[in-house]
Each structure stands twice: as C-alpha cells, then as structure tokens.
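Please open the model in a viewer and keep the selection tool at hand.

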Amino acid sequence: MGYISDQKVVILIDGGSTHNFVYEQLVFSLGLLAQPTYLLHVMEGNGSEIEYMQVYGRAIVQVHGHAF
C-alpha cells in the first residue's frame with residue numbers, strides 16, 4: 001500500500017522493470033495532467049506490445065514513508 005496525492009493506492013513493484021504504469025481511472029480521479037512524449041513501445045509480461053504517447057509527471061508516490 002502507498003499513496004499518490006494523498007489517495008491510498010495499491011503499488012506493485014517489479015525491480016526488473018524500466019517503466020512505471022498507473023491505472024487510467026486513477027489518473028482521472030487524481031486530476032493528473034498528461035504530457036505528450038515520443039512514441040513508447042512497451043512489452044508486457046505476456047510478450048504483447050503496447051504503445052504510449054503520453055506520460056504523467058510530477059505525481060509524488062509515497063511508499064513506506066519514502067516519497068518518489
């Protein structure tokens with residue numbers, strides 16, 4: 001368990017991952033603003049590929065008393 005903008009959330013940590021993802025419905029409920037970026041190709045654990053063209057920055061994530 002952790003917090004994003006004072007909202008309690010479930011956070012899954014994968015030390016081998018290079019990217020972080022957030023549930024889209026949570027993005028909208030927190031009012032996080034999307035920032036356009038270059039096309040990102042991300043491979044899921046099952047081998048399928050997803051494309052993203054936006055990022056959400058400046059969200060403070062708190063886990064076990066540490067802010068990221």
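**Strands and sheet**

Select V63 first: its bridge partner in β6 is H66. This is a predicted model, in which local features need pLDDT of at least 70 and side-chain atom pairs count only at pLDDT 80 or more, while totals for chains, interfaces and linings use all residues. Residues are numbered from 1 along each chain as its sequence is written, and side-chain values use heavy atoms, leaving out hydrogens and water.

Next, display β5 (residues 61–63) with β6; the two run antiparallel and are joined by two bridges. Strands are DSSP runs of E with at least two residues, and helices are runs of H or I with at least four, numbered from the N terminus; two strands pair if DSSP finds at least two bridges between them.

**Nonpolar core**

Now select I4, V9, L26, V27, L30 and L32, the six residues of the largest nonpolar core. Such a core joins buried Ala, Val, Leu, Ile, Met, Phe, Trp, Tyr and Cys residues through side-chain atoms within 4.5 Å. Helix α1 (residues 24–30) supplies the largest share, three residues.

**An exposed residue**

Finally, select M1, in the segment before β1 (2–4). M1 counts as exposed because its relative accessibility is 54%; exposed means over 50% relative accessible area, buried under 20% and partly exposed in between (1.4 Å probe, protein chains only).
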